[in-house]
Amino acid sequence: LDDSVYKSLLEAPDYNRAIAVLEETEYAEDIEHFMMEGARPTIMDRAFNRNFVRNFSRIKEFFMGKPEEMMNALLARWDLYNLKTALRGMRALVPKAEIMRNMVPIGYLDEVVLEEIVSQPDLRASIDAIVMFSIDWRVPYGQALTEHLDEYLREQDLSILELALDKLHYTKIVEQLTGGDANTGLVREGVKMEIDTINSVTLMRICGLELADAKAEDYFVPGGTIATAKEFTRIMELGQPEQVYEALCRKTPYRKVLEKAWSNFEERGESAFEDEMEKHVIESCLKMSKDPLGIGVIIEYMWRKYLEITNLRIILRGKSIGLIESQMRKELYIP
């Protein structure tokens with residue numbers, strides 16, 4: 001969408017008029033698909049997800065061989081996102097429809113499988129379903145959940161399962177990213193930044209904590225700038241958040257990003273680091289399309305599409321509760 005569409009959406013006098021603006025764009029097909037169910041923001045969310053999935057389903061058909069492998073590795077991040085969304089939703093007793101509304105099934109796991117996972121009666125049953133289904137998946141996520149299930153049941157801390165999923169996911173994805181060609185290098189760069197985000201946020205979260213029976217290396221996701229579990233442990237053992245932050249500034253290429261996160265750490269904790277690092281990942285990926293025939297075009301498109309849909313959700317929700325234009329503009333991210 002170009003600037004004129006955003007301008008029309010923000011200046012629309014009410015929620016219904018904003019939807020009418022979108023009905024003049026490529027989102028019209030997706031809005032019409034759900035229009036019989038009403039025009040509530042939750043219905044529009046489903047329309048946006050359908051558009052996202054519809055576009056990437058078409059794009060996936062462009063590739064075969066090694067490029068197809070790179071495409072699958074790139075989109076696999078949404079499988080991890082969807083499984084975490086399922087686990088969090090089931091744990092919080094969120095209605096099944098609400099969980100599915102937040103799914104983005106553009107990776108290996110399709111909507112049918114995800115619906116089966118969230119249709120289970122409770123979290124434990126959903127975990128069992130993941131274990132059963134994942135025997136045939138590219139990344140056997142059930143293996144990670146099974147290995148850490150006893151620890152989760154003992155501690156009742158969902159981050160235990162999420163970290164286990166992260167470690168297995170990125171181990172398998174990094175194994176796929178072999179070779180020195182430019183396309184592999186771009187995907188590897190994006191994956192490395194994602195791993196750095198996880199490790200940085202984890203360090204800021206656990207530094208100074210007593211880990212009981214766990215070891216620091218249990219929290220380490222390999223494949224990023226912090227090369228070894230030993231190095232990760234040394235940083236964690238510094239203890240104080242400020243010392244860990246300073247070590248991250250020295251040992252990773254994200255000083256400016258980390259400085260901005262640190263300025264908000266007292267107010268927002270490790271989530272400040274998560275937000276700033278994720279913003280850096282997106283901004284970096286938006287600059288990867290220098291070769292018009294390379295996978296960087298797809299990487300940039302994926303994130304531009306993601307940001308576009310995020311912005312549309314912000315605008316429509318703002319319109320639905322009567323926010324003024326200036327309030328909504330503060331929440332938008334338009335590169």
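Reader: At roughly what angle do the axes of helix α5 and α6 cross, and within what distance do they come?
Author: The axes of α5 (residues 66-75) and α6 come within 4 Å and cross at roughly 30°. An axis here is a line fitted to C-alpha atoms, for helices over the stretch in contact, and the angle runs from 0 to 180 degrees between N-to-C directions. Bear in mind that this is a predicted model, where local features need pLDDT of at least 70, side-chain atom pairs count only at pLDDT 80 or more, and totals for chains, interfaces and linings use all residues. Residues are numbered from 1 along each chain as its sequence is written, and side-chain values use heavy atoms, with hydrogens and water left out.

Reader: Why are α5 and α6 called roughly parallel?
Author: Angles under 35 degrees count as roughly parallel, over 145 as roughly antiparallel, 65 to 115 as roughly perpendicular and the rest as oblique. The crossing is roughly 30°, so α5 and α6 are roughly parallel to each other.

Reader: Which residues make that contact?
Author: Ala73, Leu74 and Leu75 of α5 meet Arg77, Trp78 and Asp79 of α6, where contact means heavy atoms within 4.5 Å.

Reader: What makes α6 roughly antiparallel to α9?
Author: The axes of α6 (residues 77-91) and α9 (residues 123-133) cross at roughly 155° and come within 9 Å. That angle makes α6 roughly antiparallel to α9. On the α6 side the contact uses Leu83, Leu87, Met90 and Arg91, and on the α9 side Leu123, Ser126, Ile127 and Ile130.

Reader: What is the pair of tryptophan 78 and tyrosine 81 called, and how do you know?
Author: Edge-to-face, and it is one of 15 aromatic pairs in the structure. Rings of Phe, Tyr and Trp (its six-membered ring) pair if their centres lie within 6.5 Å; planes under 30 degrees apart count as stacked, over 60 as edge-to-face and the rest as tilted. Tryptophan 78 and tyrosine 81 have 5.6 Å centre to centre and 80° between the planes. Both lie in α6, three residues apart, about one turn of the helix.

Reader: Is tryptophan 78 buried or exposed?
Author: Buried means under 20% relative accessible area, exposed over 50%, and partly exposed in between (1.4 Å probe, protein chains only). Tryptophan 78 has 2%, so it counts as buried. Tyrosine 81 is at 32% and therefore counts as partly exposed.

Reader: What makes the pair of tyrosine 245 and tryptophan 262 stacked?
Author: There are 5° between the planes, and 4.7 Å centre to centre. This pair links distant parts of the chain, with tyrosine 245 in helix α14 (residues 241-251) and tryptophan 262 in helix α15 (residues 255-263), 17 residues apart. Tyrosine 245 is buried at 11%, while tryptophan 262 counts as partly exposed at 24%.

Reader: Which residues do ring pairs link into a cluster?
Author: Phe52, Phe56, Trp78, Tyr81, Tyr301, Trp303 and Tyr306.

Reader: How do you know that the charged end of arginine 77 sits over the ring of tryptophan 78?
Author: A charge sits over a ring if NZ of Lys or CZ of Arg is within 6 Å of the ring centre and within 35 degrees of the ring normal. Arginine 77 has its charged end 5.2 Å from the centre of the tryptophan 78 ring, and counts as sitting over it.

Methods
Helix = DSSP H or I, 4+ residues; strand = E, 2+ residues; numbered from the N terminus.
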